[in-house]
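Reader: I have a new model open and would like to talk through how its features get their labels. Could you walk me through a few of them?

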Amino acid sequence: MRLAVWLLAMVACGGDPASSTTDGSAPIAPANQWTWIAVDGTTCGNGSVAGFGINPSGSGNDLFVYFEGGGACWDANTCFTEQAAVNIATTYDATQLGSDVAALTIDRASAGALAPVNFVFVPYCTGDIHAGSNVMNYGSAGTVHHTGATNTAAFVAALQQAFPAAANVWVTGSSAGGFGATMNFHRFTGAWPAASVHLLQDSSPFVPFITNYSTLQAAWQIQFPPGCTDCGSDFTSAFDAVASAHPSSRIGLLTFDDDATISAYFGYTSSLVPATMELVGDHYTHPLTHAFVAAGTSHTMLGGLTTIVGPNGELVGLWVEAWLTGDSSWATVKPAGD
């Protein structure tokens, strides 16, 4: 399990990131340290320039991209009163990046085969699961730039220019970040058509919305995956569209069957278990799509690679490593009877 544990190990921060700006040309950053790359033409929720963090290896072209999570908001109450999404009023910069990646320091000396991988951290500051394309005026409460999708398009363009020869690209995210990684997956496969591109969704199950779906669509102007004609009425269709369009990509879901955070945001007032298991049983049937489902109401798994155990006794870290490497043993894990 060394690869998976090293990949997302929670270790001490190794210093403050540097800062740079790109207008879409190749971002230049020193190897083996985090650098904040502000991307011209992108915006965080408060209208300030958005960007991404990068920790280049200096010796390879492959990419591991992580989309940050942190709630969602779609009206004055959720964005400003409840503050249900992170960084909506934040002017994101190198200092904020340093705080967010404090637990993601890269130890290349013990990385083995993953030492040449370039790590990318996509901050979450738009409240729209990285999928919006709208500037929304919420009256006296304020204005929010829900521009996660247009931001990501610019980030991918900059990364493609910096690493055009990438042969492997792993796209991941937790919670809102996992939804964002999925909704933007086509941008990565389009940028690197000859590469092996794979997706890991941490606590990002595409279960149906019970409430608010039309409201958040109007607020965010979601950019759904290409060809998804049913996405406007059925959120699960977004997953099916991505999985169907990328049959050679490994797409994995980590989730607790009764995730309380997902229940709250999606409007479930009773157990989420039936919706979770219907999603896994009926939709993770595409080629190379599998899920790791553990019983419980907790939220996110990537921080517990060495502690979270599935119903068959398998550590989630081993399952993630099998996804990462394409091991033939990689398969769906779920509670018996579900």
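This is a predicted model: local features need pLDDT of at least 70, side-chain atom pairs count only at pLDDT 80 or more; totals for chains, interfaces and linings use all residues.

Reader: What makes Thr276 count as buried?

Author: Its relative accessibility is 1%, and the cut-off for buried is under 20%. Thr276 therefore counts as buried.

Reader: Which residues is Thr276 in contact with, leaving aside its neighbours within four places in sequence?

Author: They are Val207, Thr255, Phe256, Asp257 and Val293. With Asp257 there is a detail worth a look: a polar atom of the Thr276 side chain lies 2.9 Å from the backbone oxygen of Asp257. That distance falls within the 3.5 Å limit for a polar contact.

Reader: Now to the rings. How many aromatic pairs does the structure hold?

Author: There are 19 aromatic pairs. One of them joins Phe52 and Phe155, with 5.6 Å centre to centre and 65° between the planes.

Reader: How do you know whether Phe52 and Phe155 are buried or exposed?

Author: The limit for buried is under 20%. Phe52 has 0% relative accessibility, so it counts as buried. Phe155 has 5%, so it counts as buried too.

Reader: And what makes the pair of Phe179 and Phe266 tilted?

Author: Here the planes are 35° apart, with 5.8 Å centre to centre. An angle under 30 degrees would be stacked and one over 60 edge-to-face, so the rest are tilted. Phe179 belongs to helix H5 and Phe266 to helix H9, 87 residues apart.

Reader: Tyr213 brings us to helix H7. Which residues of H7 are buried?

Author: In H7, residues 213-220, they are Tyr213, Leu216, Gln217, Ala219 and Trp220.

Reader: Why do you say that these buried residues line one face of the helix?

Author: Looking down the axis of H7, the buried residues fall within an arc of 165°, so they line one face. They pack against strands S6 (134-137) and S7 (143-146). Just after H7, Gln221 takes a positive phi of about 55°.

Technical notes. Residues are numbered from 1 along each chain as its sequence is written. Side-chain values use heavy atoms; hydrogens and water are left out. Buried means under 20% relative accessible area, exposed over 50%, partly exposed in between (1.4 Å probe, protein chains only). Helices (H or I, at least four residues) and strands (E, at least two) are DSSP runs, numbered from the N terminus. The arc is that of the directions from the helix axis to the C-beta atoms. Contact means heavy atoms within 4.5 Å. A polar contact is a pair of N or O atoms within 3.5 Å; within protein, one must be able to donate a hydrogen and the other to accept it, and residues adjacent in sequence count only if both atoms are side-chain atoms. Rings of Phe, Tyr and Trp (its six-membered ring) pair if their centres lie within 6.5 Å; planes under 30 degrees apart count as stacked, over 60 as edge-to-face and the rest as tilted.
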